[in-house]
Amino acid sequence: MGYSSGWSVFVYEGCVLVGFLLLMLIARWLRQQRFTTVPDVVTRLFGRHRLLTAIAAVAALVVPFGWIATQFVAFARLFGQLTGIPLPVLVAVITIASLAFVLPGGLTSVAWADFVFGIVKITMAIVVALYGIQLAGGWAHVTQAVPQRLWGVEGITAVGWKQIWLWAAAIVPGTLTNQLYYQRVFATKRINDARRGLGLSGLTMLISGVYAGCIGLAVRAMNPHLASQEDAAGWLLTQLPSWMLVVFAAFLVSTIVATSGAALQSVTANLTRDVYQNIAGKKASERRTVALSRVLTVAVSIVAAVLAVVFPQALPWLVATYAYSAAALAAPIFLGYLLHRRRRLNPATAIASMVAGMVGCGAAQLADTTVPYAVYGIAASAVVMLLMTATTSGKRADAPSSTVDREIVREQ
């Protein structure tokens with residue numbers, strides 16, 4: 001994004017930041033309800049039903065699965081130009097590395113990796129961004145070589161309003177329904193620590209924007225004719241001196257392995273808890289559950305690797321998975337939360353809403369609508385849910401019937 005659209009990268013990062021800030025507002029509710037997966041949220045609001053759990057599980061694992069495929073594509077694109085090794089081979093290498101990292105320790109590995117690699121990544125992002133600008137001849141040379149529409153104030157919207165609205169419609173609600181963040185809220189010892197962590201995570205996204213924008217603009221100044229914008233960081237690797245190449249490569253690998261490890265853990269949690277235990281109704285000992293989760297982790301990695309080879313574009317993976325997940329889950333979770341105290345919600349309402357969201361999203365994407373396809377999906381899901389709630393769900397007997405009653409309930 002930094003290479004092709006300059007400071008527009010901050011719009012993408014800003015959408016994630018907004019999602020984090022909104023999650024801070026509902027973190028206490030998420031913690032009080034002891035949710036561990038997104039289907040937990042949906043079934044708590046609408047009631048238990050196998051089809052409901054299945055659809056919610058698929059919608060929840062779409063985003064972390066997209067993350068896995070994205071990381072595999074990123075690794076192959078980054079190191080393909082440097083090494084000359086074919087993309088499928090590099091995808092296989094990073095798949096094996098990610099499995100070796102996450103299988104021994106599960107969520108414990110992910111937690112420590114997030115902390116240790118996080119500190120390293122923040123430091124390295126700043127160092128590499130400054131070095132990239134220096135390599136390009138300094139900021140003055142970058143501004144001469146790159147069109148002003150990318151590095152000036154207007155660079156914020158250089159990507160175009162259609163793309164900006166797609167990011168806003170997909171990334172903000174997609175962040176709000178991202179299971180990885182729910183799990184971190186649940187796992188943190190104190191709720192205030194969870195909220196503080198969400199806020200700090202959002203702020204580090206802005207640091208990521210500085211890194212991505214500077215690297216993208218620096219490479220654009222040095223080589224404005226790359227075949228693909230996603231080759232920018234990979235091309236930069238070929239220009240670095242040996243000592244910097246080693247440091248930068250280690251930084252990139254740690255980023256990719258840590259992210260794919262977290263995403264693998266989240267997808268596997270969905271498959272073991274929601275699909276195997278809740279949908280299939282299988283009960284197993286802790287040892288057997290751990291063994292199953294490892295088998296599923298390997299299987300998910302292989303599927304993601306194959307798809308990464310077939311569809312080797314990172315950014316479309318991210319945006320599309322956020323869009324479809326948000327289209328299916330945003331209305332049931334947040335409208336459901338607003339309505340559940342007043343109406344008796346049933347599984348059929350959530351099922352219809354989620355299906356409508358995915359169908360609306362897919363139809364709009366195929367039609368290549370001017371309005372971002374994620375908007376159509378979320379709107380279709382919300383409309384169907386409101387219609388179903390009005391026609392099939394009765395008023396709760398314990399719903400407050402007056403302003404005084406509402407105040408009493410609020411105080412309680």
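**Close-up 1. D368 and its salt bridge with K162.** D368 is exposed, at a relative accessible area of 57% (exposed means over 50%, buried under 20%, and partly exposed in between, with a 1.4 Å probe and protein chains only). Helices are DSSP runs of H or I with at least four residues, numbered from the N terminus. The model is predicted; local features need pLDDT of at least 70, side-chain atom pairs count only at pLDDT 80 or more, and totals for chains, interfaces and linings use all residues. Residues are numbered from 1 along each chain as its sequence is written, and side-chain values use heavy atoms, with hydrogens and water left out.

**Close-up 2. R190 and D193 in a salt bridge.** The closest N and O atoms of this pair are 3.0 Å apart. D193 counts as partly exposed, with 25% relative accessibility.

**Close-up 3. The salt bridge of R77 and D231.** The side chains of R77 and D231 meet at 2.8 Å, N to O. R77 belongs to helix α4 (residues 50-83), whereas D231 sits in the loop between α11 (191-222) and α12 (232-237), 154 residues apart. R77 is buried, at 16% relative accessible area, and D231 is buried too, at 14%.

Technical notes: Salt bridge = Lys/Arg side-chain N within 4 Å of Asp/Glu carboxyl O. Helix = DSSP H or I, 4+ residues; strand = E, 2+ residues; numbered from the N terminus.
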